[in-house]
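Here is a briefing on one protein chain. Please look over the sequence and the coordinates first.

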Amino acid sequence: MSLVRLNIKGISYSQTQNGAYALLLSEINGKRQLPIVIGAFEAQSIAIALEKEIKPPRPLTHDLFKTFSEHFSITIKQVIIHKLVDGIFYSSLICERDKIEEIIDARTSDAIALALRFDAPIFTYKNIIDKAGVQLTPKTAAGMFDAKLSNQEKTTGSESTKEGSFKNIPLKKLNEMLEDAVKSENYEKAASIRDEISKRQ
């Protein structure tokens, strides 16, 4: 079966499942997109990997896994979403050590969080994208996802809504708030503040 390469199109708070997030993967050479529901921790980890300027004060689980793997000369070459059963996506990590390849089963959300950290490509099989892929118009996408769909989308959710708009806050104060948000590991708030700072630069 032929493989289809995917990239991360967007990530946002799910309107249909409390405490869950919606991850949107898009085929690189096509118009279809693959929506996947993931947990809050994994969404946060993916958002941090996308937001290069946010550095957690302590390593997250996926960061620790990467450090551990590098210490033992293990690399992740690619991630393959290989199965879809009852709405659940199954994935594999294609790893390599000493030129020997191993395949490790993983949850899709964990696999993608690790793929970002290892700069590994993400693939799925054509029959999966044929079965579960959707073509979202901008209007449909707005209804499914809170976040604007862009390649560098960050997590936006209930926390950022609670914080309200940052438009009237001076830039110096925003930078202080960003630092505090990272220190307190409130990455959703940090991503929202970073977006506002980026708009002004």
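This is a predicted model: local features need pLDDT of at least 70, side-chain atom pairs count only at pLDDT 80 or more; totals for chains, interfaces and linings use all residues.

Numbering runs from 1 along each chain as its sequence is written, and side-chain values use heavy atoms, with hydrogens and water left out.

**Overall make-up**
- The chain has eight helices and seven strands; these are DSSP runs numbered from the N terminus (helices H or I, at least four residues; strands E, at least two).
- Of its 201 residues, 45% are buried (under 20% relative accessible area; exposed is over 50%, partly exposed in between; 1.4 Å probe, protein chains only).
- Accessible surface totals about 11,300 Å², with 51% belonging to carbon and sulfur atoms (Shrake-Rupley method, 1.4 Å probe; for residues, only the protein chains shown count as cover).
- Take contacts (heavy atoms within 4.5 Å) between residues at least 6 apart in sequence: 57% join residues at least 24 apart.

**Nonpolar cores**
- A nonpolar core is a set of buried Ala, Val, Leu, Ile, Met, Phe, Trp, Tyr and Cys residues joined through side-chain atoms within 4.5 Å.
- The largest core has 32 residues; Leu-6, Leu-23, Leu-25, Ile-38, Ile-46, Ile-76 and Leu-93 have the most contacts inside it.
- At least two residues of this core come from each of β1 (3-13), β2 (20-27), β3 (33-39), α1 (40-50), β4, β5, α3 and α4 (126-132).
- Helix α3 gives the largest share of this core, six residues.
- Another core lies apart from it, with 10 residues, among them Leu-174, Ala-181, Ala-190 and Ile-197.
- Leaving out residues up to four places away in sequence, Ile-38 touches Ile-11, Ala-20, Tyr-21, Leu-23, Ala-43, Ile-46 and Ser-109.

**Thr-124**
- Thr-124 sits in strand β7 and is buried, at 0% relative accessible area.
- A polar atom of the Thr-124 side chain lies 2.8 Å from the backbone oxygen of Ile-81.
- Beyond four places in sequence, Thr-124 touches Ser-2, Leu-3, Val-4, Leu-6, Ile-81 and Ile-129.

**Positive phi in loops**
- Most residues other than glycine have a negative phi.
- Asp-86 has a positive phi, near 50°. This residue is in the loop between β4 (75-85) and β5 (88-97). Asp-86 counts as exposed because its relative accessibility is 77%.
- Asp-119 also has a positive phi, about 55°. Its loop runs between α3 (108-118) and β7 (122-125). Asp-119 is exposed, at 67%.

Note on methods: A polar contact is a pair of N or O atoms within 3.5 Å; within protein, one must be able to donate a hydrogen and the other to accept it, and residues adjacent in sequence count only if both atoms are side-chain atoms.
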